Amino acid sequence: SKLRVVHNAVDTARFRPDAGRRAATRASLGLGGEFVWLAVGRLMWKKDYPAMLKAFARTRGGVLLIAGDGPDRQELERLAARLKAPVRFLGVRRDVPALMNAADAFVMSSVLEGLPLALVEAAASGLPCVAARVGGIAEIVLDGRTGWLVPAADEEALAAAMLRLSALEIADRMRMGQEAREHAERNFSLEAAASRWERLYQELLDRS
């Protein structure tokens with residue numbers, strides 16, 4: 001009864017859908033009309049990128065962009081090469097909002113998370129997401145509405161969900177992304193967090 005949860009927040013004005021930025025970023029990356037998956041995060045064990053790469057290889061379609069760096073990068077590059085999967089390791093990027101717009105969907109395969117802000121940023125950018133059901137991820141991805149949740153470390157389930165999302169009609173995928181954006185604005189915007197803090201302080205003042 002003494003606990004309150006105030007989620008971390010992202011700038012939903014910075015992370016938002018932008019058709020012009022999408023076109024420009026896809027052109028700069030040499031992306032054509034293929035389906036583009038995006039992952040953002042440190043290349044380390046808890047993100048379970050091997051499961052993501054193996055799942056993506058099973059889908060046999062589109063391209064996977066991975067933004068970030070870390071101790072596992074060389075190992076992951078070798079795995080992607082062995083799988084012959086069209087994966088592009090982008091390294092550390094300062095244009096993540098632009099990358100979010102260039103993508104068609106976001107994927108996260110972590111086996112350990114708190115409340116990952118990269119996933120919130122993707123939702124705010126209007127991206128439907130496929131993610132492992134760990135930590136607070138189910139508070140960001142509404143299963144079946146803004147994306148799909150799968151068991152952690154289950155590359156077969158991850159691949160099936162990725163295939164399911166990429167096979168959606170564009171209009172259905174856009175509706176899913178719009179709901180993700182609305183959910184992010186209601187729950188994870190700077191304004192939402194400030195309002196929750198204000199209510200908490202007011203509650204404490206009223207008690208005193």
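Student: What do the buried residues of H2 pack against?
Tutor: In this predicted model, the buried residues of H2 pack against S1, strand S2 (63-67), helix H3 (73-83), S3, S4 and H7.

Student: Which residues of H2 are the buried ones?
Tutor: They are Tyr49, Ala51, Met52, Leu53, Ala55, Phe56, Ala57 and Thr59. That is 8 of the 11 residues of helix H2 (residues 49-59), so the helix is largely enclosed by the rest of the structure.

Student: And what follows H2?
Tutor: Arg60, which has a positive phi near 50°. Arg60 is found in the loop between H2 and S2.

Student: Is Arg60 buried or exposed?
Tutor: Exposed, with a relative accessible area of 77%.

Student: What about Asp48, where is that?
Tutor: Asp48 sits in the loop between S1 and H2. Its phi is near 50°, a positive value in a residue other than glycine. Asp48 is buried, at a relative accessible area of 15%.

Student: OK, the sheet now. In what order do the strands come?
Tutor: The order is S3-S2-S1-S4-S5-S6. These 6 strands form an open sheet, and the pairing is parallel. At the edges are strand S3 (87-91) and strand S6 (147-150), each pairing on one side only. Neighbouring strands in this sheet are turned against each other by 20° on average, direction ignored.

Student: How many bridges join S1 to S4?
Tutor: There are 2, between strand S1 (residues 36-40) and strand S4 (residues 105-108), which run parallel. As for residues, Trp37 stands opposite Ala105 in S4.

Student: Which helix packs on the sheet and touches S6?
Tutor: Helix H7 (residues 155-166) does, and it also touches S1, S4 and S5. The direction of H7 makes about 170° with that of S6.

Student: What does H5 lie across?
Tutor: Helix H5 (residues 117-124) lies across S1, S4 and strand S5 (129-132). H5 runs at about 165° to S4.

Student: How do H5 and H8 pack?
Tutor: Two packed helices are described by the angle between their axes and the distance between the axes. For H5 and helix H8 (residues 170-188), the angle is about 120° and the axes are 7 Å apart. That angle makes H5 oblique to H8.

Student: Which residues in H5 and H8 meet?
Tutor: From H5, Val120, Ala123 and Ala124 meet Gly177, Ala180, Arg181, Ala184 and Phe188 in H8. The residues of this contact divide into 6 nonpolar, 1 polar and 1 charged.

Student: Back to Ala123. Is it buried or exposed?
Tutor: Ala123 counts as buried, at 5% relative accessibility. Leaving aside neighbours within four places in sequence, Ala123 is in contact with Gly177, Ala180, Arg181 and Ala184.

Student: And how many Å apart are Ala123 and Ala80 in space?
Tutor: The C-alpha to C-alpha distance between Ala123 and Ala80 is 26 Å, and the two are 43 residues apart in sequence.

Student: New topic: how many salt bridges does the count come to?
Tutor: The count comes to 15 salt bridges. In general, side chains of opposite charge can pair when their charged atoms come close.

Student: Which residue does Arg58 meet in a salt bridge?
Tutor: Arg58 meets Glu155, at 3.9 Å from N to O. Arg58 lies in helix H2 and Glu155 in helix H7, so the pair ties together parts that are 97 residues apart in sequence.

Student: How accessible are Arg58 and Glu155?
Tutor: Arg58 counts as partly exposed at 43% relative accessibility. Glu155 is partly exposed too, with a relative accessible area of 27%.

Student: What does Asp69 form a salt bridge with?
Tutor: Asp69 pairs with Arg73, and their closest N and O atoms are 3.7 Å apart. Asp69 is partly exposed, with a relative accessible area of 31%.

Student: And how far apart are Arg175 and Asp172, N to O?
Tutor: Their side chains meet in a salt bridge at 2.1 Å, N to O. Being 3 residues apart in helix H8, Arg175 and Asp172 are separated by about one helical turn. Arg175 counts as exposed at 53% relative accessibility, while Asp172 counts as partly exposed at 32%.

Student: Which residues do salt bridges join into one network?
Tutor: Arg22, Arg26, Asp104 and Arg173, joined by salt bridges that share partners.

Key:
Residues are numbered from 1 along each chain as its sequence is written. This is a predicted model: local features need pLDDT of at least 70, side-chain atom pairs count only at pLDDT 80 or more; totals for chains, interfaces and linings use all residues. Side-chain values use heavy atoms; hydrogens and water are left out. Two strands pair if DSSP finds at least two bridges between them. Helices (H or I, at least four residues) and strands (E, at least two) are DSSP runs, numbered from the N terminus. Axes are lines fitted to C-alpha atoms, for helices over the stretch in contact, and angles run from 0 to 180 degrees between N-to-C directions. Contact means heavy atoms within 4.5 Å. Buried means under 20% relative accessible area, exposed over 50%, partly exposed in between (1.4 Å probe, protein chains only). Angles under 35 degrees count as roughly parallel, over 145 as roughly antiparallel, 65 to 115 as roughly perpendicular and the rest as oblique. Ala, Val, Leu, Ile, Met, Phe, Trp, Tyr, Cys and Pro count as nonpolar, Asp, Glu, Lys and Arg as charged, and the others, Gly among them, as polar. A salt bridge is a side-chain nitrogen of Lys or Arg within 4 Å of a carboxyl oxygen of Asp or Glu.
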